[in-house]
Amino acid sequence: MILQLTKAYKSIHGLPVVSYVDTDIFTQNYPETGCLEMGCQDICCSGGAIMDSVTFKKLREVDEEDLGVHIDWETYEFDDDPCYPGGKGCYTTFTNNRCMFQNKNGFGCIIHSYCLKKGIDFRELKFFACCIFPCEVNNIGEYKNVLTPGYELRHDEYNFPCNKTGNTTIYENAKNDILYYFGSSLIEELETIKNNILIQVKG
Ligand code: SF4
Ligand code: SF4
């Protein structure tokens with residue numbers, strides 16, 4: 001069920017905006033610690049992810065040797081997409097089922113590892129799409145700017161091992177990241193909706 005929020009909530013980057021919520025985020029199971037709990041081999045990174053133009057610009061300022069990956073920055077062309085910071089998005093390059101930012105010596109994301117090493121909040125340099133997962137902001141049918149389960153979690157054919165399993169929910173797993181990007185007033189409204197939904201489910 002998709003519910004309209006009392007107002008449109010802007011992200012810290014201005015875009016995206018969240019105007020609706022798909023209540024599946026409150027009821028669909030998800031592991032509390034996500035990937036760590038599943039021992040998964042980064043299936044979700046195998047198809048790459050959408051880079052937002054705000055984070056791409058910041059990442060460009062990082063020393064490539066330090067980051068551990070060479071990038072042909074000029075080759076990426078961004079398309080307009082208000083569902084991402086900066087209002088523009090472009091897919092990462094991926095080859096052999098690996099995103100260009102996947103750690104070459106094992107699993108995990110090079111950007112995330114770099115942030116941990118430097119003591120930087122990973123949401124400063126890792127793309128919005130990667131940070132807000134297992135949620136995403138997307139247009140669903142007639143509804144624009146919906147906070148919803150990530151695309152692959154709405155389509156069972158992706159067979160993500162974290163899909164519809166685990167002892168928490170998509171919302172609880174993503175809550176800190178929703179807070180970071182959209183602030184406490186969105187969380188307050190989501191908490192009220194969540195409590196009402198859970199009463200209905202139990203009732
Ligand atoms: S598919 Fe799920 S469990 Fe596997 S790495 Fe991605 S988020 Fe983690
Ligand atoms: S940027 Fe990092 S987290 Fe995002 S898809 Fe690529 S490897 Fe995965």
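User: What end-to-end span should the 19 residues of H8 have at 1.5 Å a residue?

Analyst: This is a predicted model. At 1.5 Å a residue, H8 should span 27 Å, and its end C-alpha atoms are 27 Å apart, which agrees.

User: How do I read the sides of a helix? Which residues of H8 are buried?

Analyst: An α-helix has 3.6 residues a turn, so residues three or four places apart point the same way. In H8, the buried residues are Leu186, Leu190 and Lys194. Seen down the axis of H8, they fall within an arc of 70°, so they line one face of the helix.

User: Which exposed residues sit on the face of H8 turned away from its buried side?

Analyst: Ser184, Ser185, Glu188, Thr192, Asn195 and Ile199.

User: What covers the buried residues of H8?

Analyst: The cover includes strand E1 (2-10), strand E2 (17-22), helix H1 (24-27) and H7.

User: Take H7, then. How do I describe its packing with H8, and at what angle do the axes cross?

Analyst: Two packed helices are described by the angle between their axes and the distance between the axes. For H7 (residues 170-182) and H8 (residues 184-202), the axes come within 8 Å and cross at roughly 150°. An angle over 145 degrees counts as roughly antiparallel, and H7 and H8 are therefore roughly antiparallel to each other.

User: Which residues meet there?

Analyst: From H7, Tyr171, Lys175, Ile178, Leu179 and Phe182; from H8, Ser184, Leu186, Ile187, Leu190 and Lys194. This contact divides into seven nonpolar residues, one polar and two charged.

How values were computed
Residues numbered from 1 in each chain as written. Chains lettered and ligands numbered in written order. Predicted model: local features only at pLDDT ≥ 70, side-chain atom pairs only at ≥ 80, totals over all residues. Axes fitted to C-alpha atoms, helices over the stretch in contact; angles between N-to-C directions. Helix = DSSP H or I, 4+ residues; strand = E, 2+ residues; numbered from the N terminus. Parallel < 35°, antiparallel > 145°, perpendicular 65-115°, else oblique. Contact = placed C-beta atoms within 7 Å. Nonpolar A, V, L, I, M, F, W, Y, C, P; charged D, E, K, R; others polar. Expected span 1.5 Å × (residues − 1). Buried ≥ 20, exposed ≤ 12 C-beta atoms within 10 Å, placed from the backbone. Arc of directions from axis to C-beta.
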